[in-house]
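Take a look at the model below.

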Amino acid sequence: MSRVTPEETDTQRRRRARRIVETLARLYPEAECELEHRDPFQLLVATILSAQTTDRAVNRVTPALFARWPDAEALAAADPAEVEPLIASIGLYRNKARAIVGAARRLVDRHGGRVPRDRKALEELPGVGRKTASVVLSSAFGEPALAVDTHVQRLARRLGLSQGRDPRRIEDDLTAMLPPECWGFASHALIWHGRRVCDARAPRCGECALAALCPSAGSAAPRTRPARSARARSARG
Ligand code: SF4
């Protein structure tokens, strides 16, 4: 549930957004991408693998993956069937094996084996959409880009910074309110806060440092079905 206070002007919302990011900067000064990587290639591969799974699950499989295929040239020469067993513990692993090998081949064919510092070129790689491109641009190259994942979507709505339903609208709302130099940090910090405090099912508003800035404080938990009464339970056994 999100509530945007109707009386808040755009200027006031922009100021509040900046105070939210300042507060997050005090809470999580070290907020960064939690996918383990040593270079842009490894970050690209790890981010492709992270679709619909946790960073922790990806971090469990990438050490062996990168030990065997450390760069684009090596992975481009692999057969996706060889890659599958190493990533079989994460969801959609067959598609992801094809995607990362396909991306490596395209890097070799079109970009000299290097990850391009360019959104359009990144989004032409197999398995790469806008969010993955934003992660790579921001975390590997320090470019201004704000990746919108499920945590950012949820927090932007609860914090009343966007009423958008789709990631692109939310990205546009957030980037319109924040200076480009903090887009990358804002994305990571919102993700960290979503993982640690503003949980999807059980947000801990009582201990949240953003509560005074959040129109959903105390009312963000999703509705759950009311518990059946004792009489109803006994009647149905
Ligand atoms: S006050 Fe509650 S809903 Fe708002 S950001 Fe904090 S935990 Fe999330």
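The protein chain has a mean pLDDT of 92, and 91% of its residues reach 70 or more. One stretch needs care. Over residues 226-237, pLDDT stays under 50. For that stretch the model has one contact beyond four places in sequence. Where pLDDT is low, predicted coordinates should not be read in detail.

Now the makeup of the chain. The secondary structure comes to 12 helices and zero strands. Taken along the principal axes, the C-alpha atoms fill a box of roughly 60 × 55 × 25 Å.

Helix α9 spans residues 150-158, and helix α10 spans residues 167-177. They pack at an angle of about 60°, with their axes 10 Å apart. The crossing of α9 past α10 is left-handed. On the α9 side, the contact uses Val152, Gln153 and Ala156. These meet Pro167, Ile170, Asp173 and Leu174 in α10. By class, this contact has five nonpolar residues, one polar and one charged.

Last, the ligand. Which residues come nearest to it? Of the 14 residues around the ligand, they are Cys198, Cys205, Cys208, Cys214 and Ala220. The shell divides into 11 nonpolar residues, one polar and two charged.

Note on methods: Residues numbered from 1 in each chain as written. Predicted model: local features only at pLDDT ≥ 70, side-chain atom pairs only at ≥ 80, totals over all residues. Near = placed C-beta within 6 Å. Nonpolar A, V, L, I, M, F, W, Y, C, P; charged D, E, K, R; others polar. Axes fitted to C-alpha atoms, helices over the stretch in contact; angles between N-to-C directions. Helix = DSSP H or I, 4+ residues; strand = E, 2+ residues; numbered from the N terminus. Left-handed = near helix turned anticlockwise from the far one by under 90°. Contact = placed C-beta atoms within 7 Å. pLDDT = per-residue confidence, 0-100.
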